[in-house]
Amino acid sequence: MEESAQSRPEPKYYTPNPSYREKSWMGDYSWTYNEFLKDPEQFWDRIAKKLHWFSEWDKVKEWNYPHAKWFVNGKTNITYNCLDRHVLGERRNKVALIWKGESEDDERVFTYRQLYREVMRFANGLKKLGVVKGDRVCIYMPVIPEQVIAMLACARIGAVHSVVFGGYGAAALNQRIVDAGAKIVITADMAIRRGKSIPLKHTIEEAIIGAPTVEHLIILRRELRTPVEIHSEMEIDFYEVMTDVEPDCPAEVMDSEDPMFILYTSGTTGAPKGIVHTCGGYMVGVYYTTRYIFDVKESDVYWCTADPGWITGHSYVVYGPLSVGATILIGEGTPDYPDAGIWWKMVEEYGVSILYTAPTAIRMFMKMGREWPDKYNLSSLRILGSVGEPLNPEAFEWFYHVIGKAKCPIVDTWWQTETGMHMITTVLGEPMRPGFAGKSIPGVIADVVDKTGKSVPPGTSGFLVIKEPWPAMMRTVYNNEERYIKYWETIPGCYTVGDLAIKGEDGNIMVIGRSDDLIIVSGHNIGTAEVESALVSHKAVAEAAVIGKPDPLKGNTIKAFVILRNTHTPSDRLKNELFYHVRITLGPIAIPSEIEFVDSLPKTRSGKIVRRVLKAKEMGMDPGDISTLDE
Ligand code: WT7
């Protein structure tokens, strides 16, 4: 039988080399946090002043519960800070962006000057097509430099971009185009995935049926041997948009509170929510966290593996890293194609020093075995980051030892599309506790509370909330103000995140999972995430998903779907061991009544397990909309 977590050992910490703190932009966490608490507005004022503004704000914050304004009446443009500032300063010929395609020699490199020129030309092209400040532009592209160029070009002229992840199908795309009332859709003829081209054009053609606001489709043609035809008056080639335009396009002067972009979050139920972020506060939030949480230095090579189409990509592929003048790497590839060594090969080849990825990827690599990363020299790495779901202790350990060679701190960053920026993590130099994301970063006040908003005692689970507004917070849900208000009204006076969490005696916060993923068994609330994390804490388990099944006696029973690591094979004996493992970890109430070994789990493209699909299948029901699922 396995050693279990039951003996409640002393908490385990990893303490990074003190030089991480000494040499960091942040410095000492507690000192900085106290500075923030002493005068929150001055704290943000100082950070905002590090950026370029056409004219400064009258007031740092105006809080009119539940509506906040930040840097009131300040005028700025995020692309001025991401491009002009560097080109006018010392980073003109510094590499801004390296793009790596799937095949060996597919690589494109842009210096800051080159990126700046491309963005301005494309921005002028958009203007030529009649796009003006405030218009919504939908971007539906694979991970290629033009995706980033299109985003920046929109922001340049004050058009509100709505990036839709390139893996979504026509129905999901249509829903988003219609809700945003997009005037232009920017797309490509195809994406490349696992050596195959995936045509996109017909998806977009289908998606704009019943979307009367769309005036033009801009199509980037990648396949040049037999280029897709560009038909009607409506369609125009991406590079054609950039020809016969002025090379210069000064950044539009944006009010701090002007909307900057809309980004739809899938949500587990109901229609997607169009999260609205604004120019000033978002810019300050992502600049601050990129500089102080990732500690980006001039020579860093920074790789965030997210698609720019997600919030992680908006904040930590594009806007944050460019605002600090970093060299960023992006890739169109899949983590296990052509083999499971590709990421580590890229780290070695480009000398990646900061790597930001997701637990789902880490667990996949764990399953593949350490022989893959062990083939490559990963010594350039200095900081590792994780985001998207809880980084369970086993995945932490593996990431820390196998990838980081026990020398790289891990920043497990908790945040959301709605928060725009990092909110909770373990700041560089602080002791890291596996399983716990960490504490509120300076600038943020998070807590774990009960339904009435009262802090729960350490060790008790409760609702994760944010108690004060922050600059990069969403301002509304597009076309749905009610849904926005709900975030602030669920627990009075707080922004309710929707996650369950536990605060340790040491103040570190463990995020358990979404509070809406609860199963009620015999009257007890059981978080699917709790049972799943108990299962993956067993050394045979790579991944697990649990669902509730209606039961006449208990209300619900728990069924678990388990993917084993390749070191173990399914057997009844192992099944019994897992039952027992959950019993001693969580207690008898949480024991699944059924365990099924599977090879894969239904997930969204961002790696979240879609339990409702498992549940529907189990109950012999229609799984509903599955357009957002990964293959
Ligand atoms: C939800 C937000 C923000 C980036 C990507 C996801 C979960 C996010 C962590 C973390 C535990 C995390 C939460 C959150 N989550 N980061 N470090 N530890 N859980 O953005 O799609 O808006 O999802 O992802 O449940 O509420 P998103």
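This is a predicted model: local features need pLDDT of at least 70, side-chain atom pairs count only at pLDDT 80 or more; totals for chains, interfaces and linings use all residues.
Author: Residues are numbered from 1 along each chain as its sequence is written, and side-chain values use heavy atoms, with hydrogens and water left out.

Reader: Is Ser315 buried or exposed?

Author: Buried means under 20% relative accessible area, exposed over 50%, and partly exposed in between (1.4 Å probe, protein chains only). Ser315 has 0% relative accessibility, so it counts as buried.

Reader: What does the side chain of Ser315 make a polar contact with?

Author: A polar contact is a pair of N or O atoms within 3.5 Å; within protein, one must be able to donate a hydrogen and the other to accept it, and residues adjacent in sequence count only if both atoms are side-chain atoms. Here the partner is the side chain of Tyr282, at 2.8 Å.

Reader: How many residues surround the ligand?

Author: There are 17, going by a heavy atom within 4 Å of the ligand. The closest are Asp412, Thr413, Thr417, Asp499 and Arg514. Helix H11 (311–323) and strand E27 (509–514) each supply at least two residues of this shell.

Reader: Which side chains have an N or O atom listed against a ligand atom, and at what distance?

Author: A ligand nitrogen is 2.7 Å from such an atom in the side chain of Asp412. For ligand oxygens, the distance is 3.0 Å to the side chain of Gln416 and 2.6 Å to that of Thr417. Taken alone, the ligand exposes 560 Å², and the protein buries 89% of that (Shrake-Rupley method, 1.4 Å probe; for residues, only the protein chains shown count as cover).

Reader: How many aromatic pairs are there in the whole structure?

Author: Rings of Phe, Tyr and Trp (its six-membered ring) pair if their centres lie within 6.5 Å; planes under 30 degrees apart count as stacked, over 60 as edge-to-face and the rest as tilted. The search finds 39 pairs. Phe122 and Phe238 make a stacked one, 4.2 Å centre to centre with 10° between the planes. Phe122 sits in helix H5 (residues 112–128) and Phe238 in helix H9 (residues 238–241), so the pair ties together parts 116 residues apart in sequence. Phe122 is buried, at 0% relative accessible area, and Phe238 is buried at 0% as well.

Reader: Why is the pair of Trp343 and Phe365 tilted?

Author: Their ring centres are 5.2 Å apart and their planes meet at 55°, so the pair is tilted. Trp343 lies in helix H12 (residues 342–350) and Phe365 in helix H13 (residues 359–368), so this pair ties together parts 22 residues apart in sequence. Both Trp343 and Phe365 are buried.

Reader: Which residues do ring pairs link into a cluster?

Author: The cluster holds Tyr29, Tyr33, Phe36, Phe43, Trp44, Trp53, Trp57, Trp70, Phe71, Tyr288 and Tyr292. Take Tyr288: it belongs to helix H10 (residues 279–292) and, at 1% relative accessibility, counts as buried. Tyr288 and Lys50 are 238 residues apart in sequence, but 9.4 Å apart in space, C-alpha to C-alpha.

Methods: Helices (H or I, at least four residues) and strands (E, at least two) are DSSP runs, numbered from the N terminus.
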